[in-house]
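Here is a briefing on one protein model. Look over the sequence and the structure first, then read the points on sheet, helix and pocket.

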Amino acid sequence: MTFYVENDTEKEFSFSPEAVFKEVAVAVLEAENCPYEASVNLLLTDNENIRKYNREYRNIDKETDVLSFPNLDFEREGDFVVTEETEADCFDPDSGELLLGDIMISVDKVTEQAAEYGHSERREFAFLAAHSMFHLCGYDHMTAEEAAVMEQKQEAVLEQLGIVREA
């Protein structure tokens, strides 16, 4: 699996965002039984830039913690069936990896929300990574039922990795 991580900020964490992201992304894909090697792009940015992207792509003019841009159109969450018609758009011709999508995380929000929720920046970053990876796997949280499914899946992956909220 290939994970491209770019940090366009000066922010440095006490953990390796690349290592945590890879650990979480692999766990999510394993939990979802993804049958392919996959490729995901992650951009670490600040509140100002994520607000620009949120405005441009979602017509919401405010900061957010994470944005997800799935490359696949899922008929059902976690169903990685790729049709012949879309196959050329879904796989990297050089590596053969499934191009799962792009993720943007605001490093400012990681810091703010970790303080707000009383846990580490590593835990908050891992939560946002898991949340976004489930979006790339076709999950959403537009209804209470969808939100409950996503929350359960996120917490299960983080618990499996031992990345839990500190007491």
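Four strands form an open sheet in the order β1-β2-β4-β3, with mixed pairing. β1 (2–7) and β3 are the edge strands, each with a single partner, so one side of each has no neighbour in the sheet. From one strand to the next, the twist averages 15°. This is a predicted model: local features need pLDDT of at least 70, side-chain atom pairs count only at pLDDT 80 or more, and totals for chains, interfaces and linings use all residues. Residues are numbered from 1 along each chain as its sequence is written, and side-chain values use heavy atoms, with hydrogens and water left out.

**Strand pairing**
- Strands are DSSP runs of E with at least two residues, helices are runs of H or I with at least four, and both are numbered from the N terminus.
- Two strands pair if DSSP finds at least two bridges between them.
- β2 (residues 38–45) and β4 (residues 98–106) run parallel over eight bridges.
- Val40 has Gly101 in β4 as its bridge partner.
- β1 and β2 are also paired in the parallel sense, over six bridges.
- Glu6 has Leu43 in β2 as its bridge partner.

**Largest pocket**
- The volume of the largest pocket is about 660 Å³.
- Its lining has 26 residues, and Arg58, His131, His135, Asp140 and His141 are the closest to the centre.
- A pocket is an open set of points on a 1 Å grid over the protein atoms alone, where a 1.4 Å probe fits and protein lies on both sides within 12 Å along at least five of seven lines; lining residues have an atom within 4 Å of a point.
- Points are joined across faces, edges and corners, and the volume is the space filled by probe spheres set on them.
- α2 (47–58), β3 (66–70), α4 (107–117) and α5 (121–136) each supply at least two lining residues.
- β3 gives the most, with five residues.

Notes:
Axes are lines fitted to C-alpha atoms, for helices over the stretch in contact, and angles run from 0 to 180 degrees between N-to-C directions.
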